[in-house]
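Thank you all for making time this morning.

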Amino acid sequence: MELLQEKILKDGRIEGNDILKVDNFLNHQLDIAFLNEMGKEFKNRFKDEKIDKILTIEASGIAIASIASQHFGNVPVVFAKKVESKNLDKEVYETKVYSFTKGKEYSVKVSKRYLNEGENILVLDDFLANGRAAIGLKDLVDQAGANLVGVGIAIEKGFQEGRELLLSKGIRLESLAILDSIENGVIKFR
Ligand code: 5GP
């Protein structure tokens, strides 16, 4: 998605050789008109699929998924919870995810009420790095007996192993922008 590449070049900030910060439109401040364009593009990529629900992970996936939902006929958006909460149902699907950015493993949960057998689920998220978050969400979908239609990612870091991992599990992956490298402060797209 050319618009996203331009936005990354204009507004993205690089940390080290492997972290791209997009706080000013995706991860902290949200550019709603821009998120809407990404939502349209996700719909375009998955237009031939029947989607019953969008699944994402808190916090950064929520905005992307919510706006994208409007292009998928306002299907419900479910976000897996990372943060411990007393309000969460006791009956949950749970999995463990290793966080690339935080360098630690955490537990991810979804109430059994909100993922059901036979539902067609589209997973959306902001970044794909090593693919752990996406595989964790697939595990929740599998536990529910639902069908994972595919994974849609805003920004894929193509120099990490996420794509390989997802494709090795037969998952359809659609990324709106793929970074080949971000070395020495220079961003190269695939
Ligand atoms: P993975 O699970 O694919 O290894 O990492 C994906 C998750 O880590 C995303 O949900 C995102 O929150 C975070 N992440 C990984 N790499 C980056 C990055 O370069 N920039 C930002 N902002 N988040 C990242």
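How do the residues of the lining of the largest pocket divide into nonpolar, polar and charged? Before I answer, please keep in mind that this is a predicted model, in which local features need pLDDT of at least 70 and side-chain atom pairs count only at pLDDT 80 or more, while totals for chains, interfaces and linings use all residues. Residues are numbered from 1 along each chain as its sequence is written, and side-chain values use heavy atoms, with hydrogens and water left out.

Now to the answer: the lining of the largest pocket divides into 15 nonpolar, seven polar and 10 charged residues, where Ala, Val, Leu, Ile, Met, Phe, Trp, Tyr, Cys and Pro count as nonpolar, Asp, Glu, Lys and Arg as charged, and the others, Gly among them, as polar. A pocket here is an open set of points on a 1 Å grid over the protein atoms alone, where a 1.4 Å probe fits, with protein on both sides within 12 Å along at least five of seven lines, and lining residues have an atom within 4 Å of a point. The largest pocket holds about 730 Å³ of space, a volume being the space filled by probe spheres set on the points, which are joined across faces, edges and corners. It is lined by 32 residues, and Lys82, Ser99, Thr101, Asp126 and Phe127 are the ones that lie nearest its centre. The elements that give two or more residues to this lining are β2 (19-21), α2 (23-27), α4 (60-69), β5 (92-99), β7 (120-128), α5 (132-144) and β8 (147-157). Of these, β7 provides the largest share, with four residues.

The second largest pocket has about 160 Å³ of space, and its lining includes Val77, Phe79, Asn87, Asp89, Lys109 and Tyr114. Both β4 (77-80) and β6 (104-111) supply at least two residues to that lining, which by class has six nonpolar, two polar and four charged residues.

Let me step back to the whole chain. The protein chain has six helices and 10 strands, helices being DSSP runs of H or I with at least four residues and strands runs of E with at least two, numbered from the N terminus. Its radius of gyration is 16 Å, close to the 16 Å that the globule rule gives for 190 residues, so the chain is as compact as a globular protein of that length; the radius is taken over C-alpha atoms, and the rule is 2.2 Å times the number of residues to the power 0.38. Along the principal axes, the C-alpha atoms fill a box of roughly 45 × 35 × 35 Å. Of the 190 residues, 49% are buried, where buried means under 20% relative accessible area, exposed over 50% and partly exposed in between, with a 1.4 Å probe and protein chains only.

Next, the aromatic rings. Rings of Phe, Tyr and Trp (its six-membered ring) pair if their centres lie within 6.5 Å, with planes under 30 degrees apart counted as stacked, over 60 as edge-to-face and the rest as tilted. By this rule the count is one aromatic pair. Phe25 and Phe34 form it, edge-to-face, at 5.5 Å centre to centre and with 85° between the planes, and both of these residues are buried. Lys7 lies over the face of Phe34, at 5.2 Å from the ring centre; a charge sits over a ring if NZ of Lys or CZ of Arg is within 6 Å of the ring centre and within 35 degrees of the ring normal.

I will close with some details of the backbone. Most residues other than glycine have a negative phi, and most peptide bonds are trans. Here, a cis peptide bond joins Glu58 and Ala59, with omega about 0°, and Ala59 lies in the loop between β3 (53-57) and α4. Asn74, although not a glycine, has a positive phi of about 55°; this residue is in the loop between α4 and β4 and is exposed, with a relative accessible area of 57%. Asn184 also is not a glycine and has a positive phi, of about 50°; it sits in the loop between β9 (173-181) and β10 (188-189), and at 70% relative accessibility it counts as exposed.
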